[in-house]
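Keep the view open as you read.

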Amino acid sequence: MKLLKLWKWYQDCLAVHPVKTQVISSGLIWGFGDICAQTITHTTAKRRRQIEDEDKELKINWRRVATTGLFGFGFVGPVGHFWYEGLDRFMRYRLQLQPKSFRFVAAKVALDGIIFGPLDLLVFFSYMGFTTGKSVAQVKEDVKRDFLPALILEGGIWPIVQVLNFRYVPVRYQLLYVNFFCLLDSSFLSWIEQQQDAPWKQWLTSFMALKEKEGQGG
């Protein structure tokens, strides 16, 4: 019963203040996602015995939570709102594609993956670097380290998520659908960023660099 009331309240807010609703909800979702990421990171390190005895208790870095929440509030909410609204209008009126058709859905998924996905990752890792006081050179190194692994891993998930979104979810609720998966996405990105120079990340980056050299040599 309470969930139905909450859903009705959200619908009313979305209808009256769509941008404000998306901005606020995105900020809360990304902040909560970072709490999940910190919890996962701490639990993993604890199981592998990579933390000292005095650090066994989980201590949430609330400054980081606020920083990540501000990313959702200042970028994901407003930019995401206008991106999905604009993308739908572009497909309908500029390209004149039939809504929910194969070409309509495929074109949306392709543009979302080529434009918004990489932009979101680039802004996120750059923002998180600068907010911790790192220099431009340090941020560039962080982006080089984190961007490609995140792009590859997300590239296997988000297209499926967006096919379902663009095919079955009404336009009015597509942002809510995306925001739900942004909870998982924000947890994932925060976890990626906290991994720093993890062995698996170094291996993936080296593997891709080797493939690129082989391609140039051929």
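Where is the kink in helix 4 centred? The kink is centred on G113 and amounts to about 35°. The bend at a residue is the angle between axes fitted to the seven residues ending there and the seven starting there. Helices here are DSSP runs (H or I, at least four residues), numbered from the N terminus.

This is a predicted model, in which local features need pLDDT of at least 70, side-chain atom pairs count only at pLDDT 80 or more, and totals for chains, interfaces and linings use all residues. Residues are numbered from 1 along each chain as its sequence is written, and side-chain values use heavy atoms, with hydrogens and water left out.

Stay with helix 4, residues 102-131. Its 30 residues should span 44 Å at 1.5 Å a residue, and its end C-alpha atoms are 42 Å apart, which agrees. The expected span is 1.5 Å times one less than the number of residues. Just after helix 4, G133 takes a positive phi of about 85°.

Now look at helix 6, residues 158-168. The axes of helix 4 and helix 6 come within 9 Å and cross at roughly 135°. Axes are lines fitted to C-alpha atoms, for helices over the stretch in contact, and angles run from 0 to 180 degrees between N-to-C directions. That angle makes helix 4 oblique to helix 6. Angles under 35 degrees count as roughly parallel, over 145 as roughly antiparallel, 65 to 115 as roughly perpendicular and the rest as oblique. On the helix 4 side, F104, V105, K108, V109 and D112 meet P159, Q162, V163, F166 and R167 of helix 6. Contact means heavy atoms within 4.5 Å. By class, this contact has six nonpolar, one polar and three charged residues.

Helix 5, residues 136-155, also packs on helix 4, at an angle of about 145° with the axes 9 Å apart. Helix 4 contributes P118, L121, L122, F125, S126, G129 and F130.

Y10, C13, L14, A15 and V16 in helix 1 meet P18, T21, Q22 and S25 in helix 2.

Definitions and conventions: Helices (H or I, at least four residues) and strands (E, at least two) are DSSP runs, numbered from the N terminus. Ala, Val, Leu, Ile, Met, Phe, Trp, Tyr, Cys and Pro count as nonpolar, Asp, Glu, Lys and Arg as charged, and the others, Gly among them, as polar.
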